[in-house]
Amino acid sequence: MLILTCPCCGIKADETELAPGGEAHIKRHGPGSSDAEFEAYLFTRANPRGVHFERWRHAYGCGKWFLAARATDTLEVFGTYPATSTAVPDAILSRIRARRPDWIKPDRIKPA
Ligand SMILES: [Zn+2]
């Protein structure tokens, strides 16, 4: 069972208390962007086996959105951080690299 610690209220919540929100760190393209950029924003999502960055909402708790870094193949959680973050905290990136030395950071993931 997936258990994430909500960074907003500090409660460890299992997946029945959470609502998934899809991939995190998607760059939103607005007016003036190309059709390809807007299409990618709407439809293109990563679906890795391994490290993934996701949006979650503590639906049956504080109700706030947050971001989580976890492994999709083992459910190992590397950390959670506020949804207002534009970059992944260095502590989480260090934890990922320690557990998975051959992990290649996607370009869209920026260190803090
Ligand atoms: Zn919460």
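How many bridges join β5 to β6? The two strands run antiparallel and are joined by 5 bridges. The model is predicted: local features need pLDDT of at least 70, side-chain atom pairs count only at pLDDT 80 or more, and totals for chains, interfaces and linings use all residues. Residues are numbered from 1 along each chain as its sequence is written.

Helices (H or I, at least four residues) and strands (E, at least two) are DSSP runs, numbered from the N terminus. An open sheet of 4 strands has the order β3-β4-β5-β6, with antiparallel pairing; strands pair if DSSP finds at least two bridges between them. β3 (19-23) and β6 each have a single partner strand and stand at the edges, so one side of each lacks a neighbour in the sheet. Phenylalanine 66 has proline 82, in β6, as its bridge partner.

Helix α2 (residues 90-99) buries Ile92, Leu93 and Ile96. A residue is buried if 20 or more other C-beta atoms lie within 10 Å of its own, exposed if 12 or fewer, and partly exposed in between, with C-beta atoms placed from the backbone. Asp90, Ala91 and Ala98 are exposed, on the face of α2 turned away from its buried side. The buried residues of α2 pack against β4 (51-57), β5 (65-71) and β6 (77-82). Contact requires C-beta atoms, placed from the backbone, within 7 Å. Isoleucine 96 touches Val51, Ala69, Phe78 and Trp103, not counting residues up to four places away in sequence.

Key: Contact = placed C-beta atoms within 7 Å.
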